[in-house]
Amino acid sequence: MSAPGKTVEEKVSDQLERWLSGEQPKTLGGLIDVFGQGSFAIAFVLLMALPALPLPTGGATHVFEIITMLLAVELIVGRREVWLPRRWKGFELGGKSRQRFITVLLKRIRWLERFSRPRASWLFGHRLSTAVFGLAVFVLALTAFLAPPFSGLDTLPSLGVVILALGVLLTDIVLAAIGLVIGALGIVSVVGLGNLVVNGIKQLF
């Protein structure tokens, strides 16, 4: 990926809608084939949008978070193209239920696009900024992964990834910063609850 924050003429929502309505496979591999250099950030949005819902998942979304962490590591080490095991490339993103979910997601993205604009776009697309983007996504996805099941605490770090990735796609440093702040609040929530649990166990013994 040469530029995860690369400015694109076509809106992100329009790209996703075109992919959904096209004839290509609605799999993670199909997404990568269509979006090419923008696959990392687009994949982060789609993979972490479900964990970002304010619903207790009971660990059902761990596979999304694991794939996200793998892709984030690839950004950190400087990969320019997405690599995934063949099995994960067949991961279905466009089933009937997921298509309905993505349709709702498109509405939210279009709402953000109304207010977003390229800001400090010169910061995006460099080797260092790409690595920092990958590191931030990895930390937030790991936090979501470690959140206690059925607690709903994976919502904020996951939402942070989604908004951060959209900020990178739209080359909007303000939107990216908002994503980082939301993700940081999520980290504080998960760590805070963890401390409460540990202290409670200590008091018991």
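What follows is a briefing on the fold, the core and a few individual residues.

This is a predicted model. The protein chain has nine helices and zero strands, and of its 205 residues, 44% are buried. Where contacts join residues at least 6 apart in sequence, 74% of those contacts in the protein chain link residues at least 24 apart.

**The nonpolar core**

- The largest nonpolar core comprises 52 residues, and those with the most contacts inside it are Leu-31, Phe-44, Leu-46, Leu-71 and Phe-133.
- At least two residues of this core come from each of helix 1 (12-21), helix 2, helix 3, helix 4 (62-76), helix 6 (96-115), helix 7 (127-146), helix 8 (155-169) and helix 9 (173-204).
- Helix 3 gives the most to this core, contributing 10 residues.
- Phe-44, leaving aside residues up to four places away in sequence, touches Thr-68, Leu-71, Ala-72, Leu-75, Phe-133, Val-137, Val-161 and Ala-165.

- Helix 3 is largely enclosed by the rest of the structure, because 11 of its 11 residues are buried.
- The buried residues of helix 3 include Phe-40, Phe-44, Val-45, Leu-47 and Met-48.
- Helix 2 (residues 28-35) packs with helix 3 (residues 39-49) at an angle of about 140°, and the axes of the two helices lie 9 Å apart.
- The crossing in which helix 2 passes helix 3 is right-handed.
- On the side of helix 2 the contact is made by Leu-28, Leu-31, Ile-32 and Phe-35, while helix 3 brings Ser-39, Ile-42, Ala-43 and Leu-46 to it.
- Sorted by class, the residues in the contact of helix 2 with helix 3 are seven nonpolar, one polar and no charged.

- Since 13 of the 15 residues of helix 8 are buried, helix 8 is largely enclosed by the rest of the structure.
- Is Ser-158 buried or exposed? Ser-158, whose place is in helix 8, has a relative accessible area of 0% and is therefore buried, the limit for that class being under 20%.
- Apart from residues up to four places away in sequence, Ser-158 touches Met-48, Pro-51, Ala-52, Glu-65 and Ala-144.

**Val-12 in helix 1**

- Val-12 has its place in helix 1, and its relative accessibility of 1% is why Val-12 counts as buried.
- Although Val-12 and Leu-170 are 158 residues apart in sequence, their C-alpha atoms are 7.8 Å apart in space.
- When neighbours within four places in sequence are set aside, Val-12 is in contact with Ile-42, Ile-109, Glu-113, Leu-166, Leu-169 and Leu-170.

**Lys-89 in helix 5**

- Lys-89 lies in helix 5 (residues 86-89), and with a relative accessible area of 37% Lys-89 is partly exposed.

**Backbone angles in two loops**

- Most residues other than glycine have a negative phi, which is the background for the two residues below.
- Ala-120, although not a glycine, has a positive phi of about 55°; Ala-120 has its place in the loop between helix 6 and helix 7 and is partly exposed, with a relative accessible area of 28%.
- Thr-171 is likewise not a glycine and has a positive phi of about 50°; this residue is found in the loop between helix 8 and helix 9, just after helix 8.
- At 1% relative accessibility Thr-171 counts as buried, whereas Ala-120 is partly exposed.

Definitions and conventions:
Residues numbered from 1 in each chain as written. Predicted model: local features only at pLDDT ≥ 70, side-chain atom pairs only at ≥ 80, totals over all residues. Heavy atoms only, no water. Axes fitted to C-alpha atoms, helices over the stretch in contact; angles between N-to-C directions. Helix = DSSP H or I, 4+ residues; strand = E, 2+ residues; numbered from the N terminus. Left-handed = near helix turned anticlockwise from the far one by under 90°. Contact = heavy atoms within 4.5 Å. Nonpolar A, V, L, I, M, F, W, Y, C, P; charged D, E, K, R; others polar. Core = buried A, V, L, I, M, F, W, Y, C linked by side-chain atoms within 4.5 Å. Buried < 20%, exposed > 50% of the residue type's maximum accessible area, 1.4 Å probe, protein only.
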